[in-house]
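Have the viewer open as you read.

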Amino acid sequence: MAATGAILVVDDDPAICVVVGEALRRQGHKVKTAASIRERAALMESFAPDVLITDVMLPDGDGLDDVADILATKPGLNVIILSAQNTLNTAIRATEKGAFEYLPKPFDLNELTRAVSDALGTRQSAEEPGEVGLPHDGLPLVGRSPAMQEVYRTIARVLSNDLSILVLGESGTGKELVAEAIHSLGQRRTKPFVPINMAAIPRELIEAELFGYEKGAFTGAHARTAGKFEQAQGGTLFLDEIGDMPMEAQTRLLRVLQSGEVTTVGGSKPVRVNVRIIAATNKDLPHLIEEGRFRQDLYYRLNVVPIALPALRERREDVILLARHFLERAARDGLPRKTLADDAAQLLMAWHWPGNVRELQNMMQRLSVLSRENIITAEMLRHMLPIDAVPADYVAPADQLVHAVRDWAKRQLGVGIGQPQRSLHDDLLAVIEPVLLEEVLSSVDGNQIRAAALLGINRNTLRKKLTDYGLDPLQLRLSD
(Lines give C-alpha, C1' and ligand atoms only; values in the text may rest on other atoms or scores of the structure.)
Protein backbone atom coordinates (compact mmCIF):
# COMPACT_ATOMS: atom_id res chain seq x y z
CA MET A 1 0.00 0.00 0.00
CA ALA A 2 1.31 3.44 -0.92
CA ALA A 3 2.51 5.62 1.93
CA THR A 4 0.28 8.47 3.04
CA GLY A 5 1.28 11.67 4.73
CA ALA A 6 0.65 15.33 5.44
CA ILE A 7 0.69 17.60 2.37
CA LEU A 8 0.72 21.41 2.20
CA VAL A 9 -0.39 22.89 -1.15
CA VAL A 10 0.50 26.55 -1.77
CA ASP A 11 -0.98 28.31 -4.82
CA ASP A 12 -2.81 31.61 -5.28
CA ASP A 13 -5.26 29.95 -7.68
CA PRO A 14 -8.11 28.51 -5.57
CA ALA A 15 -9.06 26.12 -8.37
CA ILE A 16 -5.64 24.45 -8.25
CA CYS A 17 -5.80 24.14 -4.46
CA VAL A 18 -9.24 22.53 -4.68
CA VAL A 19 -8.43 20.07 -7.46
CA VAL A 20 -5.01 19.04 -6.12
CA GLY A 21 -6.28 18.91 -2.55
CA GLU A 22 -9.22 16.66 -3.40
CA ALA A 23 -7.06 14.34 -5.53
CA LEU A 24 -4.59 13.89 -2.67
CA ARG A 25 -7.30 13.44 -0.03
CA ARG A 26 -8.81 10.64 -2.12
CA GLN A 27 -5.47 8.88 -1.79
CA GLY A 28 -5.62 9.13 1.98
CA HIS A 29 -3.34 12.12 2.53
CA LYS A 30 -4.01 14.88 5.04
CA VAL A 31 -4.01 18.13 3.05
CA LYS A 32 -3.96 21.80 3.94
CA THR A 33 -3.78 24.71 1.48
CA ALA A 34 -2.40 28.25 1.48
CA ALA A 35 -2.50 31.09 -1.03
CA SER A 36 0.66 33.03 -0.14
CA ILE A 37 4.09 32.81 1.45
CA ARG A 38 2.73 34.45 4.59
CA GLU A 39 -0.09 31.89 4.89
CA ARG A 40 2.38 29.08 4.23
CA ALA A 41 4.67 30.24 7.03
CA ALA A 42 1.75 30.61 9.47
CA LEU A 43 0.41 27.13 8.68
CA MET A 44 3.80 25.48 9.09
CA GLU A 45 3.99 26.70 12.69
CA SER A 46 1.16 24.32 13.59
CA PHE A 47 1.14 21.87 10.68
CA ALA A 48 4.17 19.70 9.88
CA PRO A 49 3.87 18.55 6.26
CA ASP A 50 5.83 15.63 4.84
CA VAL A 51 5.55 17.17 1.37
CA LEU A 52 5.29 20.85 0.42
CA ILE A 53 3.79 21.62 -3.01
CA THR A 54 4.32 25.28 -3.86
CA ASP A 55 3.89 27.61 -6.80
CA VAL A 56 6.74 30.01 -7.63
CA MET A 57 4.86 33.23 -8.40
CA LEU A 58 2.83 34.02 -5.29
CA PRO A 59 1.10 37.32 -4.40
CA ASP A 60 3.68 38.25 -1.76
CA GLY A 61 6.88 37.03 -3.38
CA ASP A 62 8.83 34.20 -4.98
CA GLY A 63 7.86 30.84 -3.53
CA LEU A 64 11.30 29.43 -4.31
CA ASP A 65 13.34 32.02 -2.43
CA ASP A 66 13.14 30.49 1.04
CA VAL A 67 12.83 26.81 0.09
CA ALA A 68 16.48 26.15 0.98
CA ASP A 69 15.94 27.75 4.40
CA ILE A 70 12.84 25.64 5.00
CA LEU A 71 14.72 22.47 4.10
CA ALA A 72 17.60 23.45 6.36
CA THR A 73 15.24 23.53 9.35
CA LYS A 74 13.11 20.58 8.17
CA PRO A 75 15.51 18.11 6.51
CA GLY A 76 12.85 15.38 6.29
CA LEU A 77 10.59 17.54 4.13
CA ASN A 78 10.32 17.05 0.36
CA VAL A 79 9.36 20.01 -1.84
CA ILE A 80 7.58 19.84 -5.20
CA ILE A 81 7.73 23.04 -7.26
CA LEU A 82 4.98 24.10 -9.66
CA SER A 83 5.56 26.96 -12.08
CA ALA A 84 4.07 28.56 -15.16
CA GLN A 85 7.48 30.15 -15.87
CA ASN A 86 8.61 27.18 -17.92
CA THR A 87 12.26 28.06 -18.40
CA LEU A 88 15.54 26.25 -17.80
CA ASN A 89 16.27 28.91 -15.19
CA THR A 90 13.26 27.82 -13.10
CA ALA A 91 14.14 24.14 -13.35
CA ILE A 92 17.73 24.89 -12.31
CA ARG A 93 16.63 27.10 -9.40
CA ALA A 94 14.26 24.40 -8.16
CA THR A 95 17.08 21.86 -8.19
CA GLU A 96 19.54 24.27 -6.55
CA LYS A 97 17.13 24.94 -3.72
CA GLY A 98 16.87 21.23 -3.01
CA ALA A 99 13.42 20.59 -4.50
CA PHE A 100 12.44 16.94 -4.88
CA GLU A 101 10.61 17.57 -8.16
CA TYR A 102 9.78 20.39 -10.56
CA LEU A 103 6.59 20.28 -12.63
CA PRO A 104 5.86 22.98 -15.22
CA LYS A 105 2.30 24.25 -15.56
CA PRO A 106 -0.06 23.11 -16.87
CA PHE A 107 0.81 19.88 -15.08
CA ASP A 108 -0.65 16.41 -15.30
CA LEU A 109 -2.56 15.65 -12.09
CA ASN A 110 -1.56 11.98 -12.22
CA GLU A 111 2.09 12.98 -12.52
CA LEU A 112 1.77 15.24 -9.48
CA THR A 113 0.18 12.53 -7.33
CA ARG A 114 2.91 10.10 -8.40
CA ALA A 115 5.55 12.66 -7.43
CA VAL A 116 3.92 12.98 -3.98
CA SER A 117 3.97 9.19 -3.56
CA ASP A 118 7.63 9.05 -4.59
CA ALA A 119 8.49 11.89 -2.20
CA LEU A 120 6.77 10.13 0.71
CA GLY A 121 8.52 6.89 -0.16
CA THR A 122 11.97 8.48 0.01
CA ARG A 123 11.49 11.04 2.78
CA GLN A 124 13.54 9.04 5.27
CA SER A 125 16.56 9.14 3.00
CA ALA A 126 16.15 12.67 1.67
CA GLU A 127 19.41 14.21 0.56
CA GLU A 128 20.80 17.46 1.90
CA PRO A 129 19.66 20.56 0.02
CA GLY A 130 21.59 21.29 -3.11
CA GLU A 131 24.15 24.05 -3.34
CA VAL A 132 22.63 27.52 -3.49
CA GLY A 133 23.83 30.36 -5.63
CA LEU A 134 24.84 28.78 -8.94
CA PRO A 135 24.76 31.23 -11.80
CA HIS A 136 21.55 31.11 -13.82
CA ASP A 137 21.53 34.32 -15.82
CA GLY A 138 22.16 34.44 -19.55
CA LEU A 139 21.51 30.73 -20.08
CA PRO A 140 22.03 29.62 -23.69
CA LEU A 141 18.83 27.61 -24.10
CA VAL A 142 15.62 29.41 -25.09
CA GLY A 143 12.12 27.91 -25.25
CA ARG A 144 9.08 27.17 -23.12
CA SER A 145 7.44 24.43 -25.15
CA PRO A 146 6.51 21.11 -23.48
CA ALA A 147 9.22 19.41 -25.55
CA MET A 148 11.88 21.68 -24.01
CA GLN A 149 10.52 21.17 -20.50
CA GLU A 150 11.72 17.55 -20.53
CA VAL A 151 15.15 18.74 -21.65
CA TYR A 152 15.31 21.29 -18.80
CA ARG A 153 14.23 18.75 -16.20
CA THR A 154 16.86 16.26 -17.31
CA ILE A 155 19.59 18.92 -17.28
CA ALA A 156 18.59 19.94 -13.77
CA ARG A 157 18.92 16.32 -12.58
CA VAL A 158 22.43 15.73 -13.91
CA LEU A 159 24.11 18.87 -12.54
CA SER A 160 25.02 17.33 -9.19
CA ASN A 161 26.68 14.21 -10.65
CA ASP A 162 29.30 13.27 -13.26
CA LEU A 163 27.34 10.69 -15.26
CA SER A 164 28.16 10.47 -18.95
CA ILE A 165 25.57 12.12 -21.20
CA LEU A 166 24.62 11.49 -24.81
CA VAL A 167 22.81 14.40 -26.49
CA LEU A 168 20.73 13.32 -29.47
CA GLY A 169 19.17 15.53 -32.11
CA GLU A 170 19.23 16.79 -35.67
CA SER A 171 21.91 19.21 -36.85
CA GLY A 172 21.26 22.73 -35.65
CA THR A 173 19.09 21.84 -32.65
CA GLY A 174 21.63 23.16 -30.12
CA LYS A 175 23.40 20.05 -28.81
CA GLU A 176 26.54 21.97 -27.88
CA LEU A 177 24.42 24.54 -26.03
CA VAL A 178 23.05 21.72 -23.86
CA ALA A 179 26.59 20.58 -23.09
CA GLU A 180 27.65 24.14 -22.25
CA ALA A 181 24.64 24.59 -19.95
CA ILE A 182 25.40 21.37 -18.06
CA HIS A 183 29.03 22.39 -17.65
CA SER A 184 28.44 26.03 -16.71
CA LEU A 185 25.77 25.16 -14.14
CA GLY A 186 27.41 22.02 -12.74
CA GLN A 187 30.13 21.23 -10.24
CA ARG A 188 32.91 21.54 -12.85
CA ARG A 189 32.02 25.05 -14.01
CA THR A 190 35.31 26.58 -12.78
CA LYS A 191 37.32 24.15 -14.94
CA PRO A 192 37.70 24.02 -18.74
CA PHE A 193 34.95 23.15 -21.19
CA VAL A 194 36.70 21.61 -24.21
CA PRO A 195 34.70 20.76 -27.37
CA ILE A 196 35.97 18.61 -30.22
CA ASN A 197 34.08 17.85 -33.44
CA MET A 198 34.85 14.37 -34.72
CA ALA A 199 33.51 15.15 -38.18
CA ALA A 200 35.85 18.13 -38.61
CA ILE A 201 39.15 16.31 -37.93
CA PRO A 202 40.98 14.09 -40.46
CA ARG A 203 40.73 10.44 -39.39
CA GLU A 204 44.49 10.08 -39.01
CA LEU A 205 44.66 13.01 -36.59
CA ILE A 206 41.75 12.20 -34.27
CA GLU A 207 43.81 10.18 -31.77
CA ALA A 208 46.52 12.86 -31.65
CA GLU A 209 43.86 15.54 -31.05
CA LEU A 210 42.14 13.55 -28.32
CA PHE A 211 45.08 12.03 -26.49
CA GLY A 212 47.98 14.31 -27.42
CA TYR A 213 51.35 13.34 -28.90
CA GLU A 214 55.04 13.26 -28.07
CA LYS A 215 57.81 15.09 -29.89
CA GLY A 216 58.78 13.12 -32.98
CA ALA A 217 55.71 10.88 -32.88
CA PHE A 218 55.02 11.76 -36.51
CA THR A 219 56.15 14.22 -39.14
CA GLY A 220 55.52 17.74 -37.87
CA ALA A 221 55.38 16.76 -34.17
CA HIS A 222 58.05 19.24 -33.03
CA ALA A 223 57.07 19.28 -29.34
CA ARG A 224 54.94 17.37 -26.87
CA THR A 225 51.33 18.55 -27.19
CA ALA A 226 48.54 17.85 -24.73
CA GLY A 227 45.38 16.35 -26.17
CA LYS A 228 41.80 17.39 -25.49
CA PHE A 229 41.55 15.03 -22.49
CA GLU A 230 44.45 16.72 -20.74
CA GLN A 231 43.23 20.18 -21.74
CA ALA A 232 39.86 19.41 -20.13
CA GLN A 233 41.43 18.18 -16.87
CA GLY A 234 38.91 18.65 -14.07
CA GLY A 235 36.28 19.96 -16.47
CA THR A 236 34.10 18.71 -19.31
CA LEU A 237 35.06 17.15 -22.64
CA PHE A 238 32.37 17.52 -25.30
CA LEU A 239 32.67 14.92 -28.06
CA ASP A 240 30.50 16.29 -30.86
CA GLU A 241 29.44 14.12 -33.82
CA ILE A 242 30.61 10.99 -31.98
CA GLY A 243 28.95 8.88 -34.68
CA ASP A 244 31.71 9.96 -37.12
CA MET A 245 34.54 8.60 -34.95
CA PRO A 246 36.65 5.90 -36.65
CA MET A 247 36.47 2.40 -35.11
CA GLU A 248 40.15 2.36 -34.08
CA ALA A 249 39.74 5.64 -32.23
CA GLN A 250 36.57 4.30 -30.59
CA THR A 251 38.59 1.41 -29.17
CA ARG A 252 41.14 3.75 -27.61
CA LEU A 253 38.44 6.06 -26.30
CA LEU A 254 36.73 3.13 -24.60
CA ARG A 255 39.99 2.14 -22.88
CA VAL A 256 40.44 5.70 -21.62
CA LEU A 257 36.90 5.83 -20.27
CA GLN A 258 37.39 2.50 -18.51
CA SER A 259 40.82 3.25 -17.03
CA GLY A 260 40.71 7.03 -16.58
CA GLU A 261 44.19 7.21 -18.09
CA VAL A 262 45.48 8.68 -21.36
CA THR A 263 48.62 7.67 -23.23
CA THR A 264 49.83 10.13 -25.84
CA VAL A 265 50.58 9.08 -29.40
CA GLY A 266 54.22 8.02 -29.35
CA GLY A 267 54.27 7.95 -25.55
CA SER A 268 54.44 5.10 -23.04
CA LYS A 269 53.63 6.71 -19.69
CA PRO A 270 49.91 7.02 -18.95
CA VAL A 271 48.51 10.28 -17.59
CA ARG A 272 45.61 10.21 -15.14
CA VAL A 273 42.67 12.36 -16.31
CA ASN A 274 39.50 13.45 -14.56
CA VAL A 275 36.90 14.74 -17.01
CA ARG A 276 33.17 14.56 -17.51
CA ILE A 277 32.17 13.19 -20.90
CA ILE A 278 29.28 14.65 -22.86
CA ALA A 279 28.87 13.21 -26.35
CA ALA A 280 26.47 14.24 -29.11
CA THR A 281 25.33 12.92 -32.44
CA ASN A 282 22.67 13.40 -35.10
CA LYS A 283 23.04 9.77 -36.22
CA ASP A 284 21.21 6.60 -35.27
CA LEU A 285 23.90 4.88 -33.20
CA PRO A 286 21.99 1.58 -32.74
CA HIS A 287 21.76 1.38 -36.54
CA LEU A 288 25.51 2.05 -36.83
CA ILE A 289 26.11 -0.71 -34.27
CA GLU A 290 24.11 -3.15 -36.42
CA GLU A 291 26.27 -2.18 -39.41
CA GLY A 292 29.47 -2.71 -37.41
CA ARG A 293 30.42 0.99 -37.56
CA PHE A 294 30.06 1.81 -33.87
CA ARG A 295 31.10 -0.15 -30.81
CA GLN A 296 28.18 -1.33 -28.70
CA ASP A 297 30.21 -1.24 -25.47
CA LEU A 298 31.22 2.36 -26.15
CA TYR A 299 27.59 3.25 -26.83
CA TYR A 300 26.54 1.90 -23.43
CA ARG A 301 29.43 3.73 -21.77
CA LEU A 302 28.37 7.07 -23.31
CA ASN A 303 24.59 6.65 -23.17
CA VAL A 304 24.20 6.67 -19.39
CA VAL A 305 21.83 9.68 -19.49
CA PRO A 306 20.34 10.40 -22.93
CA ILE A 307 18.96 13.86 -23.70
CA ALA A 308 16.87 14.04 -26.87
CA LEU A 309 16.65 17.55 -28.31
CA PRO A 310 13.48 18.19 -30.32
CA ALA A 311 13.63 19.52 -33.86
CA LEU A 312 12.37 23.09 -34.21
CA ARG A 313 9.33 21.88 -36.18
CA GLU A 314 8.40 19.86 -33.06
CA ARG A 315 8.42 22.99 -30.89
CA ARG A 316 6.83 25.57 -33.19
CA GLU A 317 5.51 27.56 -30.23
CA ASP A 318 9.15 28.49 -29.51
CA VAL A 319 9.88 29.84 -33.02
CA ILE A 320 8.72 33.42 -32.39
CA LEU A 321 10.40 33.51 -28.97
CA LEU A 322 13.68 32.34 -30.51
CA ALA A 323 13.43 34.72 -33.49
CA ARG A 324 13.01 37.74 -31.24
CA HIS A 325 15.78 36.49 -28.97
CA PHE A 326 18.17 36.33 -31.95
CA LEU A 327 17.16 39.80 -33.15
CA GLU A 328 17.82 41.17 -29.67
CA ARG A 329 21.18 39.41 -29.51
CA ALA A 330 22.11 40.84 -32.92
CA ALA A 331 21.29 44.33 -31.64
CA ARG A 332 23.48 43.78 -28.56
CA ASP A 333 26.28 42.76 -30.91
CA GLY A 334 26.07 46.10 -32.69
CA LEU A 335 23.80 45.26 -35.62
CA PRO A 336 20.78 47.46 -36.40
CA ARG A 337 17.84 46.77 -34.08
CA LYS A 338 14.91 45.09 -35.85
CA THR A 339 11.46 44.05 -34.73
CA LEU A 340 9.25 41.28 -36.05
CA ALA A 341 5.86 42.09 -37.54
CA ASP A 342 2.95 39.81 -36.65
CA ASP A 343 2.56 38.53 -40.20
CA ALA A 344 6.27 37.69 -40.31
CA ALA A 345 6.04 35.85 -36.99
CA GLN A 346 3.18 33.72 -38.30
CA LEU A 347 5.08 32.96 -41.49
CA LEU A 348 8.11 31.81 -39.48
CA MET A 349 5.89 29.34 -37.65
CA ALA A 350 4.63 27.95 -40.98
CA TRP A 351 8.13 26.99 -42.17
CA HIS A 352 9.43 23.52 -41.26
CA TRP A 353 13.04 24.61 -40.46
CA PRO A 354 15.18 21.78 -41.84
CA GLY A 355 18.22 23.55 -40.39
CA ASN A 356 16.51 23.94 -37.01
CA VAL A 357 17.54 26.65 -34.54
CA ARG A 358 20.79 27.36 -36.38
CA GLU A 359 18.85 28.12 -39.58
CA LEU A 360 16.54 30.48 -37.70
CA GLN A 361 19.47 32.24 -36.02
CA ASN A 362 21.28 32.74 -39.31
CA MET A 363 18.14 34.15 -40.92
CA MET A 364 17.59 36.65 -38.11
CA GLN A 365 21.23 37.79 -38.30
CA ARG A 366 20.98 38.14 -42.08
CA LEU A 367 17.82 40.22 -41.77
CA SER A 368 19.46 42.42 -39.14
CA VAL A 369 22.25 43.22 -41.58
CA LEU A 370 20.48 43.35 -44.93
CA SER A 371 17.00 44.75 -44.33
CA ARG A 372 16.75 48.52 -44.52
CA GLU A 373 13.45 48.75 -42.67
CA ASN A 374 13.26 48.50 -38.90
CA ILE A 375 10.29 46.14 -39.02
CA ILE A 376 10.67 42.70 -40.60
CA THR A 377 7.56 41.78 -42.57
CA ALA A 378 6.29 38.57 -44.13
CA GLU A 379 7.11 39.97 -47.58
CA MET A 380 10.80 40.24 -46.62
CA LEU A 381 10.81 36.65 -45.42
CA ARG A 382 9.31 35.37 -48.66
CA HIS A 383 12.40 36.62 -50.51
CA MET A 384 14.69 34.68 -48.15
CA LEU A 385 12.85 31.37 -47.81
CA PRO A 386 12.97 28.85 -50.69
CA ILE A 387 10.31 29.38 -53.34
CA ASP A 388 8.36 26.33 -52.19
CA ALA A 389 8.93 26.96 -48.49
CA VAL A 390 5.49 28.43 -47.84
CA PRO A 391 2.45 28.01 -50.10
CA ALA A 392 1.88 30.99 -52.38
CA ASP A 393 -1.67 31.27 -51.06
CA TYR A 394 -0.53 31.18 -47.44
CA VAL A 395 -2.53 33.59 -45.29
CA ALA A 396 -1.45 34.53 -41.79
CA PRO A 397 -3.88 33.43 -39.03
CA ALA A 398 -4.79 37.04 -38.26
CA ASP A 399 -5.76 37.58 -41.90
CA GLN A 400 -7.59 34.25 -41.93
CA LEU A 401 -9.73 35.49 -39.06
CA VAL A 402 -10.58 38.68 -40.95
CA HIS A 403 -11.52 36.69 -44.05
CA ALA A 404 -13.58 34.22 -42.01
CA VAL A 405 -15.53 36.98 -40.29
CA ARG A 406 -16.10 38.74 -43.61
CA ASP A 407 -17.39 35.53 -45.22
CA TRP A 408 -19.61 34.81 -42.22
CA ALA A 409 -21.07 38.32 -42.31
CA LYS A 410 -21.77 38.11 -46.04
CA ARG A 411 -23.54 34.78 -45.60
CA GLN A 412 -25.66 36.12 -42.75
CA LEU A 413 -26.53 39.27 -44.65
CA GLY A 414 -27.49 37.30 -47.71
CA VAL A 415 -25.70 39.85 -49.95
CA GLY A 416 -28.66 41.11 -51.97
CA ILE A 417 -30.91 38.07 -51.70
CA GLY A 418 -32.47 38.60 -48.31
CA GLN A 419 -32.69 40.66 -45.18
CA PRO A 420 -29.98 40.65 -42.53
CA GLN A 421 -30.62 38.40 -39.57
CA ARG A 422 -31.29 40.08 -36.26
CA SER A 423 -28.62 40.46 -33.55
CA LEU A 424 -25.67 39.79 -35.83
CA HIS A 425 -23.31 41.27 -33.26
CA ASP A 426 -24.50 38.86 -30.56
CA ASP A 427 -24.49 35.95 -33.00
CA LEU A 428 -20.86 36.61 -33.92
CA LEU A 429 -19.80 36.99 -30.31
CA ALA A 430 -21.48 33.68 -29.48
CA VAL A 431 -19.20 32.03 -32.05
CA ILE A 432 -15.92 33.80 -31.30
CA GLU A 433 -15.98 34.73 -27.62
CA PRO A 434 -16.18 31.21 -26.12
CA VAL A 435 -13.16 30.16 -28.19
CA LEU A 436 -11.20 33.20 -27.01
CA LEU A 437 -12.13 32.57 -23.37
CA GLU A 438 -11.15 28.90 -23.59
CA GLU A 439 -7.76 29.63 -25.13
CA VAL A 440 -6.88 32.43 -22.72
CA LEU A 441 -7.89 30.42 -19.64
CA SER A 442 -5.95 27.42 -20.90
CA SER A 443 -2.83 29.54 -21.45
CA VAL A 444 -2.86 30.78 -17.82
CA ASP A 445 -3.70 27.39 -16.31
CA GLY A 446 -7.26 28.40 -15.46
CA ASN A 447 -6.26 31.42 -13.36
CA GLN A 448 -9.22 33.78 -13.75
CA ILE A 449 -7.37 36.83 -12.43
CA ARG A 450 -4.65 36.48 -15.06
CA ALA A 451 -7.19 35.64 -17.76
CA ALA A 452 -9.24 38.75 -16.99
CA ALA A 453 -6.09 40.89 -17.17
CA LEU A 454 -5.16 39.45 -20.57
CA LEU A 455 -8.68 39.99 -21.87
CA GLY A 456 -8.83 43.54 -20.52
CA ILE A 457 -11.98 42.92 -18.47
CA ASN A 458 -12.62 42.62 -14.76
CA ARG A 459 -12.94 39.26 -13.03
CA ASN A 460 -16.68 39.57 -12.37
CA THR A 461 -17.32 40.17 -16.06
CA LEU A 462 -15.22 37.12 -16.91
CA ARG A 463 -17.15 34.96 -14.43
CA LYS A 464 -20.46 36.08 -15.92
CA LYS A 465 -19.28 35.26 -19.43
CA LEU A 466 -18.11 31.82 -18.33
CA THR A 467 -21.52 31.19 -16.77
CA ASP A 468 -23.37 32.47 -19.84
CA TYR A 469 -21.39 30.19 -22.16
CA GLY A 470 -21.40 27.22 -19.77
CA LEU A 471 -17.61 27.07 -19.55
CA ASP A 472 -15.92 25.38 -16.58
CA PRO A 473 -12.43 26.84 -15.89
CA LEU A 474 -11.40 23.69 -13.99
CA GLN A 475 -12.04 21.51 -17.02
CA LEU A 476 -10.19 23.94 -19.25
CA ARG A 477 -7.16 23.80 -16.99
CA LEU A 478 -7.08 20.02 -16.69
CA SER A 479 -7.78 19.32 -20.34
CA ASP A 480 -4.18 19.93 -21.47
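Start with a helix pair: Gln-448, Ile-449, Ala-451, Ala-452 and Leu-455 of H19 are in contact with Arg-459, Leu-462, Arg-463 and Leu-466 of H20, where contact means heavy atoms within 4.5 Å. Helices here are DSSP runs of H or I with at least four residues, strands are E runs of at least two, and both are numbered from the N terminus. H19 covers residues 448-455 and H20 residues 459-469, and the two pack at an angle of about 100° with their axes 9 Å apart. Axes are lines fitted to C-alpha atoms, for helices over the stretch in contact, and angles run from 0 to 180 degrees between N-to-C directions. H19 and H20 are therefore roughly perpendicular to each other, a label that applies from 65 to 115 degrees.

Before going further, a word on conventions. This is a predicted model, in which local features need pLDDT of at least 70 and side-chain atom pairs count only at pLDDT 80 or more, while totals for chains, interfaces and linings use all residues. Residues are numbered from 1 along each chain as its sequence is written, and side-chain values use heavy atoms, with hydrogens and water left out.

Now the wider view. The protein has 21 helices and 16 strands. Of its 480 residues, 45% count as buried, meaning under 20% relative accessible area with a 1.4 Å probe and protein chains only. Among contacts with a separation of 6 or more, 71% are between residues 24 or more positions apart.

What does the inside look like? The largest nonpolar core has 44 residues, and Ile-81, Ile-155, Ile-165, Val-178 and Ile-182 touch the most other members. Such a core is a set of buried Ala, Val, Leu, Ile, Met, Phe, Trp, Tyr and Cys residues joined through side-chain atoms within 4.5 Å. Helix H6 (residues 146-158) gives this core its largest share, six residues. Apart from it lies another core, of 31 residues, including Ile-206 and Leu-298.

Next, look for the open sheet of five strands, with parallel pairing in the order E9-E10-E13-E8-E14; two strands pair if DSSP finds at least two bridges between them. Strand E9 (193-197) and strand E14 (305-308) stand at the edges with a single partner strand each, so one side of each has no neighbour in the sheet. On average, neighbouring strands are turned by 20° against each other, direction ignored. Strand E8 (residues 165-168) runs parallel to E14, joined by four bridges, and Leu-168 has Ala-308 as its bridge partner in E14. H6 packs on this sheet, touching E8, strand E13 (276-281) and E14, and its direction makes about 150° with that of E14.

Finally, turn to strand E6 (78-83). Six of its six residues are buried. In a regular strand the side chains alternate between the two faces of the sheet. In E6, Asn-78, Ile-80 and Leu-82 point one way, and Val-79, Ile-81 and Ser-83 the other. E6 pairs in the parallel sense with strand E3 (residues 51-55) over five bridges, and with E7 over four. Asp-55 stands opposite Leu-82, while Ile-80 faces Glu-101 in E7.

In H4 (residues 88-96), seven of the nine residues are buried, among them Thr-90, Arg-93 and Glu-96. After H4 comes Gly-98, whose phi is positive, near 95°.

Methods: Buried means under 20% relative accessible area, exposed over 50%, partly exposed in between (1.4 Å probe, protein chains only). Angles under 35 degrees count as roughly parallel, over 145 as roughly antiparallel, 65 to 115 as roughly perpendicular and the rest as oblique.
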